[in-house]
Amino acid sequence: MADRVVAVAGALDTKSADYEFLKSVIEARGLKVLLIDFGVLGNPALKPDIGSEEVARAGGDSLADLRATQDKTRAMRAMTEGLAKVVAGLHAEGRIHGIISMGGSGGTAVATNAMRALPVGFPKVMVSTVAGGDVAAYVGTRDIVMIPSVVDVAGLNRISREIYTNAGGAIAGMVLARAEAAAAHEQKPVVVASMFGNTTECVDRARHSLEKAGYEVLVFHATGTGGRTMESLIADGFVDAVADITTTELADEVAGGVLNAGPDRLFAAARKGLPTVLVPGCVDMANFWAADTVPEKYRGRKLYEWNANVTLMRTNVAENRHIGEWIARAANESKGPVAVVLPLKGVSMLDSPGGEFWDPEADSACFDAIRSKLRPDIAVVEMNANINDSAFADKVVETLLGLVARNRGRATEPART
């Protein structure tokens with residue numbers, strides 16, 4: 001695997017000894033190293049393949065000016081933006097197969113921003129002084145492996161050598177394993193699906209049917225992070241079709257719940273033009289944490305304790321109308337084939353006749369908004385069923401395969417990617 005290259009990015013002006021050791025660990029495993037310097041303060045003792053001047057220039061600045069002004073904020077911004085552009089360019093050209101960095105909070109911010117510009121599955125390792133705490137801001141929706149440095153990244157000692165050896169072995173193993181897996185496994189077309197506890201029966205049945213049809217199905221729990229991750233994979237080109245069965249994160253965005261996925265939810269598939277089935281699944285509920293965290297203004301609403309840590313609030317007519325308009329807007333913006341499938345007997349397990357959240361008026365507000373706002377060429381499939389009924393799941397699969405066939409101009413046998 002001598003053709004495999006690991007990008008090693010860091011502030012070489014202050015941490016050359018650390019990076020020289022890490023470089024030797026990776027090269028000892030038969031991989032090549034491409035050194036990138038994003039240090040600003042001085043000249044590195046270890047010669048980089050891509051110097052800090054090139055990184056600064058990619059970030060819209062010059063290294064000489066950054067050193068002259070000694071404006072740390074400006075330098076951080078330039079090197080953060082520059083490294084992301086440099087790394088993304090190397091990946092697009094196929095010149096790197098993994099990336100690793102080491103540093104404190106500043107170096108971690110610069111390096112992980114670049115790592116987040118790389119797709120899921122691309123090996124990424126960050127050795128950091130802040131890795132033992134909340135790393136959500138550094139990781140985002142990407143699969144960055146965070147390794148606590150234990151001691152500061154400030155020279156070689158009996159502890160840092162152990163950490164660097166493990167980190168170098170980790171990135172090398174990831175790169176090698178990825179190459180072996182790519183050669184060994186058949187690549188099936190990918191469908192993504194969204195799921196919640198209240199739509200598990202529907203999504204499980206749909207997943208099994210799609211797998212029998214030759215698809216690999218990736219299921220995402222609609223908890224805000226799940227929706228954002230699904231959207232990012234779609235945007236990155238990993239996905240061939242979308243079964244967005246559980247659009248509950250829209251309810252949280254509209255009603256101020258804690259599991260929202262942001263205002264761009266549903267739009268990645270539309271922009272990519274992927275065959276997509278949209279379902280107003282679990283839009284009957286907005287999520288809050290324990291009951292005492294529910295905002296005072298909602299205390300008079302219909303609440304349901306899902307468990308000790310999660311409280312569900314039944315959405316009302318106005319909120320459901322807003323959600324329906326959102327779904328229609330995303331469908332209307334789609335560049336590819338799209339359809340909406342409506343479960344007329346309830347959008348969740350709780351929203352079924354006699355159930356805790358059964359509210360036909362609120363459901364109708366959502367359905368009517370979808371019907372009235374959709375482009376006339378977009379199909380609306382109405383099922384006299386609850387979302388978790390077998391017939392509904394089967395109709396979602398049938399509809400999605402029909403959209404794929406229309407998109408490919410052939411029968412419903414999936415096209416191999």
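Predicted model: local features only at pLDDT ≥ 70, side-chain atom pairs only at ≥ 80, totals over all residues.
Where is the place of arginine 314?

1. Residues are numbered from 1 along each chain as its sequence is written, and side-chain values use heavy atoms, leaving out hydrogens and water.

2. To return to the opening question, arginine 314 is in strand S12 (residues 310-314); helices (H or I, at least four residues) and strands (E, at least two) are DSSP runs, numbered from the N terminus. Arginine 314 is buried, with a relative accessible area of 5%, where buried means under 20% relative accessible area, exposed over 50% and partly exposed in between (1.4 Å probe, protein chains only). Leaving aside neighbours within four places in sequence, arginine 314 is in contact with residues including Asp284, Asp351, Asp359 and Asp363; contact means heavy atoms within 4.5 Å.

3. Now for the chain as a whole. The protein chain has 14 helices and 14 strands, and its C-alpha atoms fill a box of roughly 70 × 55 × 40 Å along the principal axes. Of its 417 residues, 53% are buried.

4. The largest nonpolar core holds 36 residues, of which Ile36, Phe38, Val55, Leu83, Val87 and Met146 touch the most other members. Such a core is a set of buried Ala, Val, Leu, Ile, Met, Phe, Trp, Tyr and Cys residues joined through side-chain atoms within 4.5 Å. Elements that give two or more residues to this core include strand S1 (5-10), strand S2 (32-37) and helix H4 (72-92), and H4 gives the most, with eight residues.

5. Not counting residues up to four places away in sequence, leucine 83 touches Ala9, Ile36, Phe38, Val55, Val110, Ala111 and Ala114. Another core, of 27 residues, lies apart from the largest one, with Met195, Phe392, Leu401 and Val404 among its members.

6. Finally, have a look at helix H9 (residues 225-235). Eight of its eleven residues are buried, so H9 is largely enclosed by the rest of the structure. Among the buried ones are Met230, Glu231 and Leu233, and the cover over the buried residues of H9 includes strand S6 (190-195), strand S7 (216-221) and helix H10 (249-255). Just after H9, glycine 237 takes a positive phi of about 85 degrees.
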